[in-house]
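I'm opening my notebook on a new structure today. I'll jot things down as I look them up.

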Amino acid sequence: MKQTWRPGNMLYPVPAVMVSCQRKGEKPNIITVAWAGTICSDPVMVSISVRKERYSYDIIKETGEFVINLTTKQLVRATDYCGVRSGRNVDKFKDMNLTPETSEKINAPGIAESPVCIECKVVQVLELGSHDMFIAKVEAVRVWESLLDSRGTLKLYKADLMAYSHGSYYELGKTLGKFGFSVQKKASQNNAVKKKTKKRKNSGSIK
């Protein structure tokens, strides 16, 4: 049996990403965002939702740029800190011993300690209520070379990524399946049956 609750934000788990931004001539800043996501694949676009009163809000709106930095279990303390402290009062890069990293396509820096940095340019701002949504086009993605195999394929599971769910941070667990595995499994079983049937026909056991 389920209870019916009033409307609330219960879409969990979600990624807890560190978003870096910077005004020209000022220190770089980081804001932790749990409401971030992919919204289009062609062109490649993402979104982040930020409260107007947050220090990073004006920076992102004025510069039109930001970097989404994926977070890991090694970055969990920094991720939390950057979500509860304001860049108006502290230098988050310095306090968390993080390294600003020059981006390839935009001026906002990434975070060197993050395994994947997604460089973004804002194309639209939607005023929604408590939060504004920054819709952005992905300009470049930079990844640690240590996550690539000999063929250049990204092995993201090696990054020890984490997620956020209902007030807590969690390390990702074991693999349950790959995209499309439910169909592939049935197909492989059907192929096995067909091969057995063909073999029997060839042996003369089926006429």
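Predicted model: local features only at pLDDT ≥ 70, side-chain atom pairs only at ≥ 80, totals over all residues.

In which strand is Val141 found? I looked, and Val141 belongs to strand E9, which covers residues 131–143.

**Surface patch**

I stayed with Val141 for a moment. Together with Val143, Leu148 and Leu154, Val141 makes up a nonpolar patch on the surface. I wrote down about 280 Å² of accessible area for the four together.

**Largest pocket**

Next I checked the pockets. The largest one holds about 390 Å³ of space. I found 17 residues lining this pocket, and the closest to its centre are Thr32, Val33, Ala34, Trp35 and Arg54. Which elements give two or more residues to this lining? My list reads strand E2 (29–33), strand E4 (44–51) and helix H2 (76–84). I also sorted the lining of the largest pocket by class and got ten nonpolar, four polar and three charged residues.

**Second largest pocket**

Then I turned to the second largest pocket, with about 270 Å³ of space. Its lining has 15 residues, and Asn9, Leu11, Trp35, Ala36 and Ser49 lie nearest the centre. How many charged residues does the lining of the second largest pocket have? I got no charged ones there, with ten nonpolar and five polar residues.

**Aromatic pairs**

I counted three aromatic pairs. One of them is Tyr12 with Tyr164, and this pair is edge-to-face. Two numbers go in the notebook here: 6.3 Å centre to centre and 65° between the planes. I noted both because a pair of aromatic rings is described by the distance of the centres and the angle of the planes. Where do the two partners sit in the chain? Tyr12 is in the segment before strand E1 (17–21), while Tyr164 is in strand E10 (residues 162–165). The pair links distant parts of the chain, as the two are 152 residues apart.

A cis peptide bond joins Tyr12 to Pro13, with omega at about -5°. I placed Pro13 in the segment before E1. Another cis peptide bond runs from Asp42 to Pro43, and here omega is near 0°. Pro43 sits in the loop between strand E3 (36–41) and E4.

My last stop was Asn97. Is its phi positive or negative? I read a positive phi of about 55°, although Asn97 is not a glycine. Asn97 lies in the loop between helix H3 (92–95) and strand E6 (100–101).

Technical notes: Residues numbered from 1 in each chain as written. Heavy atoms only, no water. Patch = residues over 30% accessible without salt bridge, like charges linked within 9 Å, V, L, I, M, F, W, Y side chains within 5 Å. Areas by Shrake-Rupley, 256 points an atom, 1.4 Å probe, with all protein chains shown as cover. Salt bridge = Lys/Arg side-chain N within 4 Å of Asp/Glu carboxyl O. Helix = DSSP H or I, 4+ residues; strand = E, 2+ residues; numbered from the N terminus. 1 Å grid on protein atoms, 1.4 Å probe; cavity = no way out; pocket = protein on both sides within 12 Å on 5 of 7 lines; lining within 4 Å. Points joined across faces, edges and corners; volume = space filled by probe spheres on them. Nonpolar A, V, L, I, M, F, W, Y, C, P; charged D, E, K, R; others polar. Phe/Tyr/Trp six-rings, centres within 6.5 Å; stacked < 30°, edge-to-face > 60°.
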